Amino acid sequence: MIEIRDLVKTYDGVRAVDGLSLRVAPGEILGLVGPNGAGKTTTLRCLAGIIPPTSGRVLIAGFDLRDHPLEARQRLAFVPDEPHLFDHLTTLDHLTLFSRLYGVADGPTRAEAILVEAGLRDQRLAFPSELSRGMKQKLVVACALLHRPEALVLDEPLTGLDPAAMRRMKRTVRETADAGASVIVSSHMLQLVEEVCDRVLIFSSGRRVLEGTLEEIRRQIPDVEADADLETLFLKATGADDTP
Amino acid sequence: MSTLLHLIWRSLRGRILGWLRLMRRPKYFVGTLAGVVWMSLFALRPILGVARRNPADARLGEIITWLPAMETGAALLLLVGVSLWWIWPFGQATIALTETELHVLMPAPIRRRHIIQYALLRSQPGILFGCLMVSFLSVGGAPASVAWRFLSMWLFLTLWNLHARGRGLWVARLRELPTSSAWRRRAVMLAAVGLLWAMSAPGIASVAAALQPLDGDVAAHLRAVLAPDGLREQAPTLALLLAPARWIIGPFFAGLEPSATLATRLITLVWPVLLLGLHHEWVVRSQTQFEEASLARSRRQTASGDAGARFRAMKQSRRLSAPFRLRPTGPTEMAIVWKNLMRAHRTSLRLTVVAGAAAIGLAATVVSVTGLPDWLIGIMMIGGGVGLAMTPLMAGHQWRNDLRTDLLRIEVIRTWPIAGWRLFAAEVCPPACIATLYAGAAGGALLIAGVAAGRPTATGSVLVRPELATTLGVPYVALLLLGLATLLPLVAAIATLSATLQNLLALLWPSWIQLGLRRTGSAAHIGQGLLTGLGLAAAMAVGLLPGAVLVGGSLFVQIQMAEIPLVGWELPVLGVLAIMPLVCIIGLLIRFGGVLWDQLDPSAEVLGASGAP
């Protein structure tokens, strides 16, 4: 379970996130969409404990990130928008490192299995500088999933992936949720969100604009066609629709 | 050109505003203030009268008598250097532009000469900063002399920079020309340089011949021969050929000459300024295609800053090795130690220690039989002693495989399930560990030298008097080993303290510390170095003085009160006792580091998200 209560993050007097609350149940995938500068990355960073919120609470699997940070982090995996890897560690080293960090008892066997699953077996001894952007992204996701997180947060997970890898990534996200994890996916790729996510939260200027399933969102926006896609709904909801 | 000037101005303004924004935080303001005060003290030495009391001024008087000879030597060096440079066949059009600038400026409707001028202007901050630093930090002179030194150095370096660009463009132009034309130009250049050398050689030979029969005051004769009048008399052609080079360096030497009036000094500027103008026109009017070379250069620079390049060259078999085997379960911090040690080296720690100890032991055994020459013993003692003392002090400065590098991956490490102080301790450990290993090697050299010096046949310096071993009831070699065992915990503690302080600074002033492997030398960074040095000195004083009192107290109780004599085997125990207060201080600092880590908001200072969601 991922829960955010009245999250506020202020930078130099500017409210990047303004009183956001949300809840993602186990097995559920929430899509977080919003225009550039809406505060999505800031929200996800607060959620992952990278930056402290100005106020509000973040709970991961019932553990408050402020009061029980270790318990919360142990159950969380965060995939940032840029694949941050250690340039002196090989693919296998990364998985070894994450096994120890999260105390994955079957780390070596699981790492081998994940390498095969991610299509990185041939790159097990490659350094990040020898990997393509897509491969790096796969490695970051592999590291994130190694400890079977109860909460998974992905920021733009499909950037740099080829169509086959995109399909595999979507399947992985779905499988992780089906295994009982709460998942948040932030992306500008609205088709991905529409396809993978159970619910969508449209976010603008640090505030929630709309939230619900696609059907629920359609009902909340007046004068919208019954089969309108997420792109249309997003543009209407954020006031960015400039079609005549 | 106004657009480009605007671009330069906006970049500069952005930097200044960013710096001012940082100064709004008191912690950055104090650090910068410390750096500025320190540099100002240097800059204002002449006004404060420090320079006049400096004994270096007495030496300056002696140096002045050498100025004409030094000017001739420098001119000859310049002539030979530049002529050799021109016959060197390699080079490229190095108009320094970044990849972004190339991609933005090249397609834009901007005149080519303006782009070159823009690139030349961009190299000026580096030259100006270098001149400023050297002018201020070099010893001696009134404020006017410092200003003149700055001006003359700037003139020379700018001229040199323009000449390098021009020569690079000339070589690149040869590649664009048809082969026959290029070879013709090369031949003309070779002939010109050959002619220059042919004309200079008799003069150089004549000066050398004049110096050969010397048997009295060599220095005075050398001064006389190399002085302009002497040279004109001895080798008039050489004196004539050296004249242009002498004019180029003239302003610098005019500044050193105390009797030179302002008018004399200003006259020396005429030729360099004229050359500067000519060089500028030569470079900006060049039609050589520099774009490809500039692009290649900027990509090379990016690649050199890319640490990944070093690892890409690693053999496959090597990639499987590690400092130690990391099991999937156990203390989390060991994972961070393992990771950071690997940044420095993948060699097994156990193998390093065992092989190093074996090598030192073997060498000590061999020298105990064969001995070593006294000069080598002396060198090993000095080198080993300096290494043992300095390596731990410099640990935090020398090795940066800690939080300073990991802060660049904060989006990864911040999510790890580990308590702040334990993460901080793990980050501090690798540089301290590496420094201790190096210090251990230096100690090994000291041990080998001590073994050689302790041989009955040795005549040179002695590390430990053999009588001391007898007094302490242990064999001589055992005493040396015990001494090393006593020092190593102290070395490890100081290395840890040094690394701890550097990492604390990284958490206190993340925008100030150069994250990653890069270092710069701005006022703020000098201030940072000053604060680290002060912190290290204070922490050592606070930590080691109680340690010394503890050791003294325990020895007093043992020897004076209990009347139990000191034996050599106690030394390592006393060493551990001596570092206990220091270890407590390190522990407290690590706890403080953990608090800082837990409270760190990296949004503005590391992730650069100030004001922007």
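Guide: Begin with what pairing means: two strands pair if DSSP finds at least two bridges between them. Keep in mind that this is a predicted model. Strand E3 (residues 29-33) of chain A and strand E9 of chain A meet that condition, with four bridges in the parallel sense. Within this pair, A:Leu30 stands opposite A:Arg199 in E9(A).

Visitor: In which sense do E9(A) and strand E10 of chain A pair, and over how many bridges?

Guide: Strands of a sheet pair through backbone hydrogen bonds, either parallel or antiparallel. E9(A) and E10(A) (residues 207-212) take the antiparallel sense, over five bridges. A:Phe203 has A:Arg208 in E10(A) as its bridge partner. Two residues lie between the strands of this hairpin, where A:Ser205 takes a positive phi near 50°. As for cover, five of the six residues of E9(A) (residues 199-204) are buried.

Visitor: How do I read the faces of a strand, and which residues of strand E6 of chain A point which way?

Guide: In a regular strand the side chains alternate between the two faces of the sheet. In E6(A) (residues 76-79), A:Leu76 and A:Phe78 point one way, A:Ala77 and A:Val79 point the other way, and all are buried. E6(A) pairs with strand E7 (residues 151-155) of chain A in the parallel sense, over four bridges. There A:Leu76 stands opposite A:Ala151 in E7(A).

Visitor: What is the strand order in the open sheet of chain A?

Guide: The order is E2-E1-E4-E5, with antiparallel pairing. E2 and strand E5 (63-64) of chain A stand at the edges with a single partner strand each, so one side of each is left without a neighbour in the sheet. Inside the order, strand E1 (residues 2-11) and strand E4 (residues 55-60) of chain A are joined by five bridges. A:Glu3 stands opposite A:Leu59 in E4(A).

Visitor: Which segments make up the domains of chain A?

Guide: The domain assignment gives domain 1 as 2-75 + 149-238 and domain 2 as 86-148. The C-alpha centres of domain 1 and domain 2 of chain A lie 25 Å apart. Their contact takes twelve residues from domain 1 and ten residues from domain 2. On the domain 1 side, helix H6 (residues 163-178) of chain A gives the most, with four residues. By class, that side has six nonpolar, five polar and one charged residues.

Visitor: How many residues does each chain bring to the contact of chain A with chain B?

Guide: Chain A brings 41 residues and chain B brings 35 residues. Several elements of chain A each supply at least two residues to the side that touches chain B, including E2 (14-24), helix H2 (69-74) and helix H4 (107-117). The largest share, five residues, comes from H3(A). By class, this side of chain A has 22 nonpolar, 14 polar and five charged residues.

Visitor: Which residues have the most contacts inside the largest nonpolar core?

Guide: They are A:Val153 and A:Val185, in a core of 159 residues. Helix H23 (residues 420-453) of chain B gives the most to this core, with 21 residues. Not counting residues up to four places away in sequence, A:Val185 touches, among others, A:Ile29, A:Leu32, A:Leu154 and A:Val173. Apart from this core lies another, of 16 residues, among them B:Cys131 and B:Met153.

Note on methods. Residues are numbered from 1 along each chain as its sequence is written. Chains are lettered from A and ligands numbered from 1 in the order in which they are written. This is a predicted model: local features need pLDDT of at least 70, side-chain atom pairs count only at pLDDT 80 or more; totals for chains, interfaces and linings use all residues. A residue is buried if 20 or more other C-beta atoms lie within 10 Å of its own, exposed if 12 or fewer, and partly exposed in between; C-beta atoms are placed from the backbone. Two residues are in contact if their C-beta atoms, placed from the backbone, lie within 7 Å. Ala, Val, Leu, Ile, Met, Phe, Trp, Tyr, Cys and Pro count as nonpolar, Asp, Glu, Lys and Arg as charged, and the others, Gly among them, as polar. Domain bounds come from an automatic or database domain assignment. A nonpolar core is a set of buried Ala, Val, Leu, Ile, Met, Phe, Trp, Tyr and Cys residues joined through C-beta atoms within 7 Å.
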